[in-house]
Amino acid sequence: MGISPTSVLRIWRAFGLRPWRTENFKISPDPLLIDKIRDVVAYLAPPANAVVFAVDEKSQIQALERTAPVLPMVPGTPERRSFDYVRHGTIDLFAALNTATGKVIGKLSSQHRAVDFRDFLDEIDRQTEHGPVVHVICDNLCAHKAPAVHEWLLAHPRFQLHFTPTYSSWINQVERWFAELERRCFERGVFCSLDELKGALEDWIKNWNDNARPFKWAKTADQIIDRICRYCQLVAGALLSTKYKESARGGLAVNIIECRGDGSWSRARL
């Protein structure tokens, strides 16, 4: 729009928006946004003779021990927990959600480098019956595009990687599974050691797989793209109809900035 980031924040405040929650209003700048949305959504319903995995890493999971026991809720009193805790280390979790069955392949690692991602692809290969094509949906982390991963893919031609658009992790179903993991395992969990955290993660994944069910994806690619377009039109329309004040630097003068209908900006100095 030809204005500074500070001016954008002032526009947001004029609408009552919270600039510290920018993820709620972020539009992906990916030049292949539409193509990637269509590609990923097409594989959320697995094609014939193929297996689709939604893959991602949950890094730096902390083994937190509360300094006091968590008190359960009772009538008239919410659940209570101490604000302070002791850290006992961190662990990374690689997870691959089978979009057809809902089952998860998990692997714990001390790091999430390219070689660790390559090793996780090996684990998926071992646990997937040979024959079907394997489609892997993942984000744009540089470790997913490293030479070690490219070499592995050349040696395993049945694996195909599909990348989500930039800033669009919500389109990857494994993120929904991570939300369940956070809510049902970590939020009330107390882990006195890293081994205890590892055991809890392994047990939770096993219990999930014993009662697995897939997430239902209800939106088509066209519906998602139309929703993004409507949002952009609403934001653009709001900007065109708004006047706001911007304090001038180094003095008491005030600039009144108005966006005209043709998209240009006019300034009147007071």
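## Overall layout

Helices (H or I, at least four residues) and strands (E, at least two) are taken here as DSSP runs, numbered from the N terminus. On that basis the protein has seven helices and eight strands. This is a predicted model, so to speak of local features a pLDDT of at least 70 is needed, side-chain atom pairs count only at pLDDT 80 or more, and totals for chains, interfaces and linings use all residues. Residues are numbered from 1 along each chain as its sequence is written, and side-chain values use heavy atoms, with hydrogens and water left out.

Of the 270 residues in the protein, 36% are buried, with buried meaning under 20% relative accessible area, exposed over 50% and partly exposed in between (1.4 Å probe, protein chains only). The accessible surface comes to about 16200 Å², and carbon and sulfur atoms own 54% of it; these areas come from the Shrake-Rupley method with a 1.4 Å probe, and for residues only the protein chains shown count as cover. As for contacts (heavy atoms within 4.5 Å), take those with a separation of 6 or more: 66% of them are between residues 24 or more positions apart.

## Aromatic pairs

Rings of Phe, Tyr and Trp (its six-membered ring) pair up if their centres lie within 6.5 Å; planes under 30 degrees apart count as stacked, over 60 as edge-to-face and the rest as tilted. By this rule there are eight aromatic pairs. One of them joins Phe 94 and Phe 120: the centres are 5.5 Å apart and the planes sit at 35°, so the pair is tilted. Phe 94 belongs to strand E2 (residues 85–98) and Phe 120 to helix H3 (residues 114–127), so this pair ties together parts that are 26 residues apart in sequence. Both Phe 94 and Phe 120 are buried.

Trp 204 and Trp 208 make a stacked pair, at 5.6 Å centre to centre with 20° between the planes. Both sit in helix H6 (residues 194–210), four residues apart, which is about one turn of the helix. Trp 204 is buried at a relative accessible area of 12%, and Trp 208 also counts as buried, at 12%.

## Charges over rings

A charge sits over a ring if NZ of Lys or CZ of Arg is within 6 Å of the ring centre and within 35 degrees of the ring normal. Lys 58 lies over the face of Phe 178, 5.9 Å from the ring centre. Over the ring of Phe 163 you'll find the charged end of Lys 145, 4.7 Å from the centre.

## Nonpolar cores

A nonpolar core is a set of buried Ala, Val, Leu, Ile, Met, Phe, Trp, Tyr and Cys residues joined through side-chain atoms within 4.5 Å. The largest has 20 residues, and those touching the most other members are Leu 93, Trp 177, Leu 181, Phe 186, Leu 197 and Leu 201. Strand E1 (50–66), E2, helix H5 (174–186) and H6 each supply at least two residues, with H5 giving the most, six.

Setting aside neighbours within four places in sequence, Phe 186 is in contact with Lys 58, Ile 61, Leu 181, Phe 191, Leu 197 and Leu 201. A second, separate core has 18 residues, among them Val 134, Val 136, Val 149 and Leu 161.
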